[in-house]
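Please examine the sequence and the three-dimensional model shown below. A short report on selected features follows.

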Amino acid sequence: MKNSLNSAKIGNRELINLLIYVANENNVDIQENILSVIHDIILEYKVLCEYLRKNYVEGDLDTFKMASCMIAAINRYGFTDDRFVNASIAVDTAYKMCEQPYINVRNNTIKLEEVDFKEVFKDDMEFYHNSKIH
């Protein structure tokens, strides 16, 4: 997932593609009715981001704050009735969002080093999977 701007901001199309990708990675069949869930998740995500920005952040949100909003939005609406699967999707989505991290310091956007979490954990996938459970 590439950010088109030099910031943590992600467009709607990128969010949709990200959510579909991660749901598929977690063996959730994306059917037409799931698109309304994706829509609800994105709306909730944007509401949470705006609330956080207005009340707790000076300037733009960084990647990590946006990822935390996405975790909350996915866990609220979920893709399935299985809370474990939804939590796994939420964590995977946050990991994916944080692969190209940006932080904001005094209204300056700073790109951090990119990371591929699956590559980092390739020798210890058990740790990776456990990180989604706990």
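**Helix H3 and its ends**

The model is predicted. Helix H3 spans residues 63-77 and comprises 15 residues. From its first C-alpha to its last, H3 reaches 21 Å, close to the 21 Å expected at 1.5 Å a residue. Just after H3 comes Gly-78, which adopts a positive phi of about 65 degrees.

**The buried side of H3**

The buried residues in H3 are Thr-63, Met-66, Ala-67, Cys-69, Met-70, Ala-73 and Ile-74. Because these residues cover an arc of only 160 degrees around the axis, they lie on the same side of H3. Their packing partners are helix H1 (12-25), helix H2 (34-56), helix H4 (83-97) and strand S1 (102-105).

**The nonpolar core**

The largest nonpolar core contains 34 residues. Those with the most contacts inside this core are Leu-19, Ile-41, Tyr-45, Met-70, Ile-74, Phe-79 and Met-97. H1, H2, H3 and H4 each contribute at least two residues to this core, and H2 gives the most, with 8 residues.

Met-70 is listed both among the buried residues of H3 and among the core residues with the most contacts. When residues up to four places away in sequence are not counted, Met-70 touches Leu-15, Leu-19, Ile-41, Tyr-45, Thr-93 and Met-97.

| Residue | Loop | Relative accessible area |
|---|---|---|
| Leu-61 | between H2 and H3 | 7% |
| Glu-99 | between H4 and S1 | 14% |

Which of the categories, buried or exposed, applies to Glu-99? Glu-99 counts as buried because its relative accessibility is 14%, and buried means under 20%. The side chain of Glu-99 forms a polar contact with the side chain of Lys-96 at 3.1 Å. With neighbours within four places in sequence left aside, Glu-99 is in contact with Glu-114, Val-115, Asp-116 and Phe-117.

Leu-61 is likewise buried, at a relative accessible area of 7%. How far apart in space are Leu-61 and Asn-107, C-alpha to C-alpha? The distance is 9.8 Å, although Leu-61 and Asn-107 are 46 residues apart in sequence.

Terms used:
Residues are numbered from 1 along each chain as its sequence is written. This is a predicted model: local features need pLDDT of at least 70, side-chain atom pairs count only at pLDDT 80 or more; totals for chains, interfaces and linings use all residues. Side-chain values use heavy atoms; hydrogens and water are left out. Helices (H or I, at least four residues) and strands (E, at least two) are DSSP runs, numbered from the N terminus. The expected span of a helix is 1.5 Å times one less than its number of residues. Buried means under 20% relative accessible area, exposed over 50%, partly exposed in between (1.4 Å probe, protein chains only). The arc is that of the directions from the helix axis to the C-beta atoms. Contact means heavy atoms within 4.5 Å. A nonpolar core is a set of buried Ala, Val, Leu, Ile, Met, Phe, Trp, Tyr and Cys residues joined through side-chain atoms within 4.5 Å. A polar contact is a pair of N or O atoms within 3.5 Å; within protein, one must be able to donate a hydrogen and the other to accept it, and residues adjacent in sequence count only if both atoms are side-chain atoms.
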